[in-house]
Amino acid sequence: MSASRRSAGPSQGLRIANRTIGSRLILGTGGIPSLEVLAGVIAASGASMATVALRRIDPSAKGSVLEVLRDHEIEVLPNTAGCFTAKEAVLTARLAREAFETDWVKLEVIGDEDTLLPDPVELLAAAEELCDDGFVVLPYMSDDPVLARRLEQAGCAAVMPLGSPIGSGLGIRNPHAISQIVDAVSVPVILDAGIGTASDAARAIEIGCEGVLVASAITRAEHPLRMAAAVRLAVEAGFEAREAGRIPYRYQARASSPSEGMADIE
Amino acid sequence: MSDTDRVHDGIFQVVVNGLSSTVVPGTTLGELVRRVTDHQAGIAVALNAEIVPRSHWDAVQVQAGDRVEVLTAAAGG
C-alpha cells in the first residue's frame, strides 16, 4: 500500500461538512496546459477533488475538463472566479449548481484586479446568502482571523485563507495569521493561493491547515506531473510532522550529544 | 422590441454567448443550446441574467434582444 493510500484513511482524511474528502490536496485546474496534462496531474497528485470555473461553452473544443474529471472520478468543486460582487458570485454559484449538480462552491469575490485579493464585504454577503440557500460554501478569503470567524458564523463549511496572492508563488507570507485562523475557527482551514512549491504545502499543513488547494504551482510548473507528486508527498510529510509534534523553538542551542563520558584528550 | 430588432417575417436577433444569432419566432432555449453543444449534462443556461433550469429549456421561447448564456466547466483555480 502506497503512502498516499494510507493518508486517505478515515483517521487522516479531510473532513468537510460531515464528509471525508480522500485527499488533503485539492487540485486547482486553472493554468493547466492541456487535458492530457490534467489527466496526468490528477493521477500524480492523488487529489480527489478539483476546482473548475464556469465559462461560456466553446463549440469547437475537443474534449472537456469535466469529462476528464468525471473519467477519473474526481469530485468537481465549482468556483466563482472572476466575480467582483456578491450578486454575480451568488448567481454563478447557482448556475454551477445547475450545471454540475453539486451544492458545493469555492466562493471567490475579488476586490482588485491587480492583487486579486478578496473583497471581504462582498464575500461575507455572498456567503450568507449561499449558506442560507443550502450551499456548502468554501470561501476564498484574506488571511484575517476575524473574517474567518464571521464566515464560520455565516455557516461556511471551511475557510480558505490565502498564503499570498493568487498565482504569485510567494508562499505563506504571514504564517502567524494562518495559525491564528486555525485557532479562531472550528471548521477546517484550507490554505488557498500562493503556494509556489512543495515545501509551502508542507508548511501549511504543519501549522494546522487541514488541506491545501494548489493550482498554478502544479499546472504552471516546468514539469507539472513531477510537481503534483512532490506536493502530494509534501502534504503527507506535513501531516506526519504535525502529528509527530515538533520540538519547541529555543533561543540558544541545546546539545543533542551527551556531555557525560567525554574523553580526556585536552 | 426596437425597430432594429424587428426584421420581416418576424425573424429577430438574440445574443448567445456574446454573439448575435438570428432566430424565428417560437425558438426555444433548448434549440439555442443545441446550436452550440450536443451535451445537456454539465451545462447551465442563463436568460437575461436569470437561471433557467434544464427542465424548462424546451418550454421557454426567446424574445428579441434576449441575452442567453450557455455555460460549462473550464479549467480554473
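The model is a predicted one, in which local features need pLDDT of at least 70, side-chain atom pairs count only at pLDDT 80 or more, and totals for chains, interfaces and linings use all residues. Residues are numbered from 1 along each chain as its sequence is written, chains are lettered from A and ligands numbered from 1 in the order in which they are written, and side-chain values use heavy atoms, with hydrogens and water left out.

Lys106(A) is placed over the face of Tyr140(A), 5.6 Å from the ring centre. Arg246(A) has its charged end over the ring of Tyr249(A), at 4.0 Å from the centre.

Turning to the cysteines, the structure has zero disulfides over all chains, a disulfide being a pair of cysteine sulfur atoms within 2.5 Å. For Cys83(A), the closest cysteine sulfur is that of Cys156(A), which at 16 Å is too far for a bond. Cys209(A) is likewise in no disulfide, with the sulfur of Cys156(A) nearest at 16 Å. Cys83(A) is buried at 5% relative accessibility, and Cys209(A) is buried at 0% (buried is under 20% relative accessible area, exposed over 50%, partly exposed in between; 1.4 Å probe, protein chains only).

Next comes the interface. Here 27 residues of chain A are in contact (heavy atoms within 4.5 Å) with 24 residues of chain B. Between chain B and chain A, two salt bridges are counted, each a side-chain nitrogen of Lys or Arg within 4 Å of a carboxyl oxygen of Asp or Glu. One of them joins Arg54(B) to Glu101(A), at 3.4 Å from N to O.

Terms used:
Lys NZ or Arg CZ within 6 Å of the ring centre and 35° of its normal.
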